Amino acid sequence: MKSLDLNYREDELGILRLAVENTREAFVTIDQDHKILFFNRAAEELFGFGRKEVLGENLDVLLGEQCIKGHKEAVRRFLEGEKKNLTHDEREITITRKDGKTIPVVFSFSVAQLNGRHYFTAIIRDISELKLCHDRVMRSERLAELGQLVTEIAHEIKNPLVLIGGFTRQLKKVVKDEKSLAKLVVILEEVERLEHLLNELRELYLPKEVDFSVFDVNTLLEELYLLAIDDCKNRNIKIVFESDADEALVEGDREKIKQVFLNLIKNGVEALENGGVLRIESRKHDNYVEILVTDNGPGIPEKHQAKLFSPFFTTKKHGTGLGLSISKRIIDQHPGFSISLDTVKGKGTTFKVTMPLDDSVEQ
C-alpha cells in the first residue's frame with residue numbers, strides 16, 4: 001500500500017510540475033536567502049533569460065535595484081513576523097528584460113514552509129496587452145470628446161468665416177486703391193488658411209470610416225505626379241516618378257491614401273524653397289510595395305524628427321502641423337500599412353510608405 005501511495009504522490013507531483021511548467025503565467029521560486037530555485041518556461045519568455053542562467057543565482061539578476069530592495073524588505077518583514085501574510089498581495093511593477101525592454105507586470109506571492117525554511121513563489125503576468133487596450137480605450141474616449149468639441153467650434157467659426165470671405169471678395173471687385181486691395185488679399189488668404197485648418201481638424205478628430213477597395217497604387221501616383229508637374233515647374237523643382245512595375249494592387253481607401261501622398265508631396269515641395277529634385281518611386285516586392293517620396297532639401301534636424309507625426313508640430317511659417325499626423329492616422333487605419341522617415345542633414349528627406357499587395361488577384 002505504501003508503494004502505491006508513493007507512486008501516486010510521484011505522479012501527482014509530476015502532473016503538478018508539468019502544469020506549472022506549461023502555464024502562461026511566469027513562476028519564479030526563491031528561498032528565504034533570495035536564491036532562485038524554479039524558473040518555468042513562461043518566466044524564460046517574460047524575462048528573456050534561460051533557466052540555466054538564473055537557477056542558483058540571487059534574485060538580483062532579474063530585478064532592478066529599486067524592485068529588489070522593496071522585495072527583500074517585504075521578505076525580511078515576513079520572516080521576522082512584522083508582515084503576517086504575503087499571499088493576498090498583488091502588485092503592479094515594471095520589469096526590465098535581459099534585452100533592456102521594459103514590461104508592465106502584476107505579481108502575487110505564495111509562501112511554503114519546508115524543514116524550517118521558507119520558499120516564496122512569485123506568479124507573474126504580463127499586462128502589456130491589457131495596458132495597450134486600456135490606453136486605446138482612453139484615447140478613443142478622449143478623441144470622441146475632442147471630436148465633439150471640434151464640431152461645435154468648427155460650426156461657430158465657419159459661419160463667420162464664410163461671411164468674412166464673401167464680403168471680402170465683394171469688396172475686392174470694387175476697391176481700386178492698391179494698398180486696400182493688398183489688405184483684402186491678405187484677409188482672403190487668412191480666411192482660406194483658417195478654413196483649411198478647420199477641415200484638417202475635422203479629419204484628425206472626426207475621421208471618416210475607411211472605405212476599402214482594391215486599387216492600383218501606381219496609377220494613383222501617376223495621377224498625383226501629373227497634378228504636381230506645373231506647380232513644381234513654377235518653383236524650379238524637377239519632379240520625377242519611377243515605377244519598377246506596371247501595376248501594384250493594394251487594398252485600402254483610395255481617397256485617404258491619395259491624401260497621404262498629397263501631404264508627402266506637398267511637404268517635399270515646401271522643403272525645396274530654392275528648387276531641387278523631388279522623386280516619387282514605387283518598388284514592388286513579392287508581397288508588398290514600397291513608395292518613396294524623396295526631396296534633396298536641407299533635411300530635418302534630429303531634435304524635430306521624433307515630433308514630426310505629432311499634431312500641431314510644424315517647422316513651417318504657415319503650417320498647421322496636422323498634415324503628417326493625419327497621414328499617420330490614415331496609415332494606421334490600414335492593416336499592414338506603415339510609414340517611416342529617413343533624413344540626412346544637408347542631403348534631404350525620404351518618407352517611405354509600405355503597403356501589402358492584394359493577394360486576392362494574381363499580379
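Visitor: How much space lies in the second largest pocket?
Guide: About 560 Å³. Keep in mind that this is a predicted model.

Visitor: Which residues lie nearest the centre of that pocket?
Guide: Leu16, Val20, Thr29, Phe38 and Thr121. They belong to a lining of 15 residues.

Visitor: What makes a residue part of the lining?
Guide: The residue must have an atom within 4 Å of a pocket point. On that rule, 15 residues line the second largest pocket.

Visitor: What is the make-up of the lining by class?
Guide: The lining has 10 nonpolar, 4 polar and 1 charged residues. Leu16, Val20 and Phe38 are among the residues nearest the centre. Leu, Val and Phe count as nonpolar, so these three fall in that class.

Visitor: Why is the contact of Arg117 and Asp31 called a salt bridge?
Guide: The N to O distance is 3.7 Å. The cut-off is 4 Å, between a side-chain nitrogen of Lys or Arg and a carboxyl oxygen of Asp or Glu, so the pair qualifies.

Visitor: Is Asp31 called buried or exposed?
Guide: Its relative accessible area is 8%. Buried means under 20%, so Asp31 is buried. Arg117 has 28%. That value lies between 20% and 50%, so Arg117 is partly exposed.

Visitor: What makes Arg51 and Glu44 a salt bridge?
Guide: Their closest N and O atoms are 3.2 Å apart. That is within 4 Å, so the pair counts. Arg51 has a relative accessible area of 25%, and Glu44 has 23%. Each value lies between 20% and 50%, so each residue is partly exposed.

Visitor: How do you know that Glu281 is buried?
Guide: Its relative accessible area is 15%. That is under 20%, so Glu281 counts as buried. Glu281 meets Arg283 in a salt bridge, at 3.5 Å from N to O. Arg283, at 37%, counts as partly exposed.

Visitor: Why do such pairs occur?
Guide: Side chains of opposite charge can pair when their charged atoms come close.

Visitor: How many salt bridges does the count come to?
Guide: The count comes to 12.

Terms used. Residues numbered from 1 in each chain as written. Predicted model: local features only at pLDDT ≥ 70, side-chain atom pairs only at ≥ 80, totals over all residues. Heavy atoms only, no water. 1 Å grid on protein atoms, 1.4 Å probe; cavity = no way out; pocket = protein on both sides within 12 Å on 5 of 7 lines; lining within 4 Å. Points joined across faces, edges and corners; volume = space filled by probe spheres on them. Buried < 20%, exposed > 50% of the residue type's maximum accessible area, 1.4 Å probe, protein only.
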